[in-house]
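Okay, thanks for having me, everyone. Let me put the structure up on the screen, and then I'll talk you through a few parts of it.

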Amino acid sequence: MAPHAYTGAKCGVIGLTKNVAAELGKYGIRVNAVSPYAIATDMLVSKFPREMKVEDILAGLQANARKNANLQGVDVTVNDVANGIHPV
C-alpha cells in the first residue's frame with residue numbers, strides 16, 4: 001500500500017487528465033497520462049536506507065511489482081515507459 005499523499009496525488013492526476021480530456025476533446029486535442037506502477041529508478045532507490053544494497057532494493061522492488069502490478073509477467077523498465085510515450 002502506498003502512502004496516502006502519493007496515492008491521492010496519483011488519483012488526482014488521473015482525475016485531472018480525464019477532466020481536461022473531456023474539456024479539450026471537442027477541439028481535437030488529445031490528453032493522456034502515463035501512470036506506471038513502481039519503476040526502479042535512481043530516485044526511488046535513493047529513498048531506501050543507505051545501508052541497504054542496491055541489488056537487494058532492486059530485487060525487492062521487482063518482486064513487489066511482480067506481485068502487485070496490473071501488468072503481470074513483464075518487468076517494466078524506464079525505457080518501456082519512455083517508449084510508450086514516444087515510440088522509437
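Start with α3, on the face turned away from its buried side: that's where you find the exposed residues Glu55 and Lys67. Before I go on, keep in mind that this is a predicted model.

So which residues of α3 are buried? Those are Ile57, Leu61 and Ala65. And why do I speak of one side of α3 here? If helices are new to you, here's the background: an α-helix has 3.6 residues a turn, so residues three or four places apart point the same way.

As for its dimensions, α3 has 15 residues. From its first C-alpha to its last α3 reaches 21 Å, close to the 21 Å you'd expect at 1.5 Å a residue.

Alanine 63 sits in α3, and it's partly exposed, with a relative accessible area of 45%.

Okay, zooming out. The domain assignment gives us domain 1, residues 1–33, and domain 2, residues 36–87. Take the C-alpha centres of domain 1 and domain 2, and they lie 22 Å apart.

The largest pocket holds about 1300 Å³ of space. It's lined by 35 residues, and the closest to its centre are Tyr6, Pro36, Tyr37, Ala38 and Ile39. Which elements give two or more residues to that lining? They're α1 (4–24), α2 (42–45) and α3 (54–68). The largest share is from α3, with seven residues. And both domains take part: the lining draws at least three residues from each of domain 1 and domain 2.

What is the lining made of? It divides into 22 nonpolar residues, nine polar and four charged.

Alanine 33 is in the loop between α1 and α2. Is alanine 33 buried, exposed or partly exposed? It's partly exposed, at a relative accessible area of 35%. Alanine 33 and threonine 17 are 16 residues apart in sequence and 6.4 Å apart in space, again C-alpha to C-alpha.

The other one is leucine 44, over in helix α2. Leucine 44 has a relative accessible area of 25%, and that makes it partly exposed. Its distance to valine 78 is 12 Å, C-alpha to C-alpha, while in sequence leucine 44 and valine 78 are 34 residues apart.

That's my tour. If you want one picture to hold on to, go back to α3: Ile57, Leu61 and Ala65 are buried, Glu55 and Lys67 are exposed on the face turned away from them, and the helix gives seven residues to the lining of the largest pocket. Happy to go back to any of those spots on the screen.

Technical notes
Residues are numbered from 1 along each chain as its sequence is written. This is a predicted model: local features need pLDDT of at least 70, side-chain atom pairs count only at pLDDT 80 or more; totals for chains, interfaces and linings use all residues. Side-chain values use heavy atoms; hydrogens and water are left out. On a 1 Å grid over the protein atoms alone, a cavity is a set of points where a 1.4 Å probe fits but cannot get out, and a pocket is an open set with protein on both sides within 12 Å along at least five of seven lines; lining residues have an atom within 4 Å of a point. Grid points are joined across faces, edges and corners, and a volume is the space filled by probe spheres set on the points. Helices (H or I, at least four residues) and strands (E, at least two) are DSSP runs, numbered from the N terminus. Ala, Val, Leu, Ile, Met, Phe, Trp, Tyr, Cys and Pro count as nonpolar, Asp, Glu, Lys and Arg as charged, and the others, Gly among them, as polar. Domain bounds come from an automatic or database domain assignment. The expected span of a helix is 1.5 Å times one less than its number of residues. Buried means under 20% relative accessible area, exposed over 50%, partly exposed in between (1.4 Å probe, protein chains only).
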